Amino acid sequence: MESSRRALLLVAMAATVIGLASASFRDNCDIKWNPENAAFSDDGHGLTMSLKSNSSGCLLQTKKQFIYGSVSTLIKLVPGNSAGTVTTYYTSSVGADHDEIDFEFLGNETGQPYTLHTNVFADGVGKKEMQFVPWFDPTADFHAYTISWTPCMIVWYVDDVPIRVFRNYRDKGIAYPIKRPMFGYSSIWSAEDWATQGGRVKADWSKAPFVAGYRDMVLDVCPCDGADSCVYGCAGAFSHGGRQQNCAGLTDQQRAKMQEVQKSHRIYDYCVDYRDNKKPGPECSLPQYSTHAYPAAV
């Protein structure tokens, strides 16, 4: 009973966060890879995707492209031994020099926590990873994951708590996605060579299929029929949860919540951990959640 009440609360939270009714996966998305591994609920608002072998998996893509806005869904990750598996929720453009905003959930051995992996690509360049250990069990219930993409900043939210911000500093020569329309995606696939403890732990295929659940996708976006027909100035470009997204930065309350999560649950930051002799990007020395006069979006 408690689990049911929590599920209903999170469904309401997802709709409240974005300020819109949830959309049907069946009506608004296509299964682009292994549709036999996808199963819709009767009303189309729920979806499971399965990974049955190291050469199978499943990929969902929204039917429509968009430029700016918020995309959100409730996800319940693969329970038990999920080592070697990756469940994703992300946005991406198509073609060369692509833009992409990622949530990836890297599985682990039974009893060990998932890794919540975030990244952003702009003009084909990524390597801006930040990783967290969830402060809850992401397999026990559904949780809301939101990507908010505006002309001034990108914010990753978990249950309406901002965990990371990437601001638009194109005026300082730092790439930021501003012109390529994106689709929304969800997927599950095998990444045994790197996903769990650097590839040391492989998937236990005797436990397959590995199943991730999705519910109540919400899209508050500026629609595109193609790169030349995007509505750059729609209300969704500057909103989150039906509220104006403040381009001066997060509110004090949001910033405090984010700093608490980053202090207690962040396990990797590309700006701090210079692996493989990488140097921190110039954005690492610039404010990411305080006042900045962002450049024109188009």
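This section describes the fold, cores and selected residues of a predicted model. Residue numbers start from 1 along each chain as its sequence is written, and side-chain values rest on heavy atoms, with hydrogens and water left out. Local features require pLDDT of at least 70 and side-chain atom pairs pLDDT 80 or more, whereas totals for chains, interfaces and linings use all residues.

The secondary structure of the protein consists of 3 helices and 17 strands. Helices (H or I, at least four residues) and strands (E, at least two) are DSSP runs numbered from the N terminus. Of the 298 residues, 55% count as buried. Buried means under 20% relative accessible area, exposed means over 50%, and partly exposed lies in between (1.4 Å probe, protein chains only). Contacts are defined by heavy atoms within 4.5 Å. Among contacts with a separation of 6 or more, 71% join residues 24 or more positions apart.

The largest nonpolar core has 53 residues. A nonpolar core is a set of buried Ala, Val, Leu, Ile, Met, Phe, Trp, Tyr and Cys residues joined through side-chain atoms within 4.5 Å. Phe103, Phe105, Tyr145 and Trp149 have the most contacts inside the largest core. Strand 14 supplies the largest share of this core, with 6 residues. Apart from it lies another core, of 7 residues, among them Cys152, Tyr157, Leu250 and Met258. Beyond four places in sequence, Tyr145 touches residues including Phe103, Phe105, Leu116 and Phe136. Tyr157 is also one of the residues that Tyr145 touches.

Met258 belongs to helix 3 as well, where Gln254, Met258, Val261 and Gln262 are buried. These residues cover an arc of only 95° around the axis, which puts them on the same side of helix 3. The arc is that of the directions from the helix axis to the C-beta atoms. Asp252, Gln253, Glu260 and Lys263 are exposed on the other side of helix 3. Cover for the buried residues of helix 3 includes strand 9 (130-132), strand 11 (153-158), strand 12 (161-167) and strand 17 (266-269). Helix 3 comprises 14 residues (252-265), and its end C-alpha atoms are 20 Å apart. The expected span is 1.5 Å times one less than the number of residues.

The "active site" annotation of the unreviewed UniProt entry covers Glu100 and Glu104. UniProt positions follow the numbering used here, feature names are shortened, and annotations may be inferred rather than shown by experiment. Glu100 lies in strand 7 (residues 100-106), and Glu104 lies in strand 7 too. Glu100 is buried at 13% relative accessibility. Glu104 is buried at 15%. Leaving aside neighbours within four places in sequence, Glu100 contacts Tyr90, Thr91, Ser92, Asn119, Val120, Phe121 and Met182. The side chains of Glu100 and His98 are joined by a polar contact of 2.8 Å. A polar contact is a pair of N or O atoms within 3.5 Å; within protein, one must be able to donate a hydrogen and the other to accept it, and residues adjacent in sequence count only if both atoms are side-chain atoms.

Not counting residues up to four places away in sequence, Glu104 touches Val86, Thr87, Thr88, Thr115, Leu116, His117, Trp189 and Trp194. Thr115 is in strand 8 (residues 115-121). This threonine is buried at 15% relative accessibility.

Ala191 occupies the loop between strand 13 (183-190) and strand 14 (210-224). At 1% relative accessibility, Ala191 is buried. Ala191 and Ser55 are 136 residues apart in sequence, but their C-alpha atoms are 10.0 Å apart.

Gln288 lies in the segment after strand 17. It is buried, with a relative accessible area of 15%. Beyond four places in sequence, its contacts include Val165, Phe166, Arg167 and Tyr169. A polar atom of the Gln288 side chain lies 2.8 Å from the backbone nitrogen of Arg167. The backbone oxygen of Glu283 lies 3.2 Å from a polar atom of the Gln288 side chain. Gln288 and Asn168 are separated by 120 residues in sequence and by 8.9 Å in space, C-alpha to C-alpha.
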